[in-house]
Structures are given as C-alpha cells and as structure tokens.
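Please look over the chain below and work through the questions that follow it. Each answer ends on the value or name asked for.

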Amino acid sequence: MKKIIVILAALSCIGLLASASLPKKGPQPQIRPAEYGPAPQAPTPPPKPEPKPDRPDAGTPSTEPLPTDTSAEPEKQGPKLPSQQTLEEQHLTIAAESDEAHSECVKELQGLGVVFKDISRIDDGNGCGIDKPIKVTEVLPGIKIKPDAVFRCPVALALARWMKESVIPAASVAASDQGNIVSVNQASSYICRLRNGAETGKVSEHARGNAIDIASFSFDKGKDIAVQPRREDPTLIGAFQRTISAAGCLYFTTVLDPESDAAHETHFHLDVLERNGGYRYCH
C-alpha cells in the first residue's frame, strides 16, 4: 500500500514539472547602491556661443560705429636727432667773447705783423655770426690772404703761427727754387651753413667764425702749390703737403686734408673748435 502511495506522489510531481514553463522576461539588473556614486548621465551638449558685442565695453550689440583700424597709419615720430635738423630747427646762439681775451689775442697778432682790422658784430640769424670778428688781409708781413678772410681772432693767430713756424720753413726746403710764399689762397672763411653745406646736421665751424679752408699757396717764382690728394706722391711737394698737414694739428684743433674725405679733396680745413680735454681731430 505504501509503495502505491509513493508511486502516485512521484507521478503527481512529474505532471506538475511538465506543465511548468520559463518566464518570458529574465531578471532586471538592479541599480547600484548610492555609495558607489551616481549613475552615469548622458553628456550635455556644449552651450552655443553668444554673438560678440560690437564694443569691448558693451554687453549687447551697439549701433555705435566701430573704431577705425589705425594699424596701417604711420607711427608718430619723436623729436628729430641733431643730425636730422636744419639750421633753423637747432635754435643756436652766437657765442660771446670776453673783451679781455680778444684784446690779448689782438696784441699777439700785432706782434706777429698780421694785417687786420676789427669789424662790427656779425649776426646772420640761426646762431650764425661772430661776436668780435676781424678781417685779415695779410697773414704775415708780405704774405696776403686772398680773398680777405673774416673769422675770430684765434683763427688768425693759429694761422699766422702755423705759417711762420711750419709752412714757410717746409716750403724753403721743398720748393726752394720757387722763392718766397706771397699769398695764401683761401676757399672759405666765415659763412653761414651746416657742415659740408648739407641741409641737415651739425653747424659748420665756418658759421661760428672758427675755421679757414686753404686751397693753395702762391710763390714769387714758379707755380702755385695746390692742396690735393698727395698721400702717395713721392716728390718733395708731396712731402711738403704731408708735413704741413701734420704740423697743422699743433696750432688748430681740427685738420682735415684731402685724404680725409671727398668733401676736402681740394683744400685743408682748419678750425679752432674747443673740445673737452683739449682733444684734437687731425686727418
């Protein structure tokens, strides 16, 4: 009897299993606990850029006109350098000369036999002029300066000493057959201009009465000796010119000869410009 009951129970279980079926949907995944962080979210699209305002200091478009682009305009220039200035732009003044210094210089000229005369103060404007000018007709007794030269007394004194102590002795050796020097032929004394006649730059020492340009020397016999490039001249005349050019620096603070530059190929430029420390420029 017990066996029959067991068999019937088994058959009943088999029937139940046969009638059972799988669920249509599987189990759903559970959400992570909050302790692991929030669930990932879909990326947010970037915000659309707002249109730029018309002006940097405005938040909304303005009806005011935009500033003009000045990038192509020329830059404003600062003050001109002295080398870029005209004579009028330099606002120069005439240097004053003391009566005492002028009187002492005049006495020395008289002692050397220089023929000259005092003339009225020169003022041509823009700093051109001489406070106490003189006009020289003979640099030494019997030696004329042609044409007459106008400059300050110190120029006449340096010229007379250079002629007496250097030029005449050198000429007596280099050109003894030509006799004595009878004239010094000058190319420029006082004149109102900038250096080398330029339109801009430093004022010439000629405009201050500090300079003389010597073009040639005339003798009572023979030909004139002209100042010209003679650096490679092997003759006595070449030696004469180089000698008196070098000696000029003993009397003048500036000596420019034909080898200095193209502007001085035909003359000596001699001036008495005072520099700091007694510096001299000779070429």
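Q: How many salt bridges does the structure hold?
A: The model is a predicted one, in which local features need pLDDT of at least 70, side-chain atom pairs count only at pLDDT 80 or more, and totals for chains, interfaces and linings use all residues. Residues are numbered from 1 along each chain as its sequence is written, and side-chain values use heavy atoms, with hydrogens and water left out. A salt bridge is a side-chain nitrogen of Lys or Arg within 4 Å of a carboxyl oxygen of Asp or Glu. By this rule, the number of salt bridges in the structure is eight.

Q: Which residue forms a salt bridge with arginine 161?
A: Arginine 161 lies in helix H3 and its partner in helix H2, so the pair ties together parts that are 53 residues apart in sequence. Helices (H or I, at least four residues) and strands (E, at least two) are DSSP runs, numbered from the N terminus. The closest N and O atoms of the pair are 2.3 Å apart, and the partner is glutamate 108.

Q: Is arginine 161 buried, exposed or partly exposed?
A: Buried means under 20% relative accessible area, exposed over 50%, and partly exposed in between (1.4 Å probe, protein chains only). Glutamate 108 has a relative accessible area of 30% and is partly exposed. Arginine 161 has a relative accessible area of 32%, so this residue is partly exposed.

Q: Which residues are linked with Asp99 in a network of salt bridges?
A: Aspartate 123 and arginine 121 meet in a salt bridge of 3.7 Å, N to O. Aspartate 131 forms another with lysine 132, where the closest N and O atoms are 3.4 Å apart. Both aspartate 131 and lysine 132 are buried. The residues linked with Asp99 in the network are Arg121, Asp123, Asp131 and Lys132.

Q: What is the distance from glutamate 205 to the nearest side chain of opposite charge?
A: Glutamate 205 sits in the loop between E6 and E7. Lys and Arg count as positive and Asp and Glu as negative, while His and the chain ends are not counted. Glutamate 205 is buried yet has no salt bridge, and the distance to arginine 195, the nearest side chain of opposite charge, is 4.5 Å.

Q: At which residue does H3 bend?
A: Helix H3 (residues 153–174) has 22 residues and reaches 30 Å from its first C-alpha to its last, close to the 32 Å expected at 1.5 Å a residue. The expected span is 1.5 Å times one less than the number of residues. A bend is the angle between axes fitted to the seven residues ending at a residue and the seven starting there. In H3 this angle is about 45 degrees, at methionine 163.

Q: Where is leucine 250 found?
A: Leucine 250 has a relative accessible area of 63%, so this residue counts as exposed. The C-alpha atoms of leucine 250 and tryptophan 162 are separated by 8.0 Å, although the two residues are 88 residues apart along the chain. Leucine 250 is found in the loop between H4 and strand E9 (254–256).

Q: Which residues does threonine 137 touch, not counting residues up to four places away in sequence?
A: Threonine 137 is placed in strand E4. At 27% relative accessibility, threonine 137 is partly exposed. Contact means heavy atoms within 4.5 Å. With residues up to four places away in sequence not counted, threonine 137 touches Val115, Lys144, Ile145 and Asp148.

Q: What is omega near for the peptide bond from lysine 146 to proline 147?
A: Proline 147 lies in strand E5. The peptide bond that joins lysine 146 to proline 147 is cis, with omega near -15 degrees.
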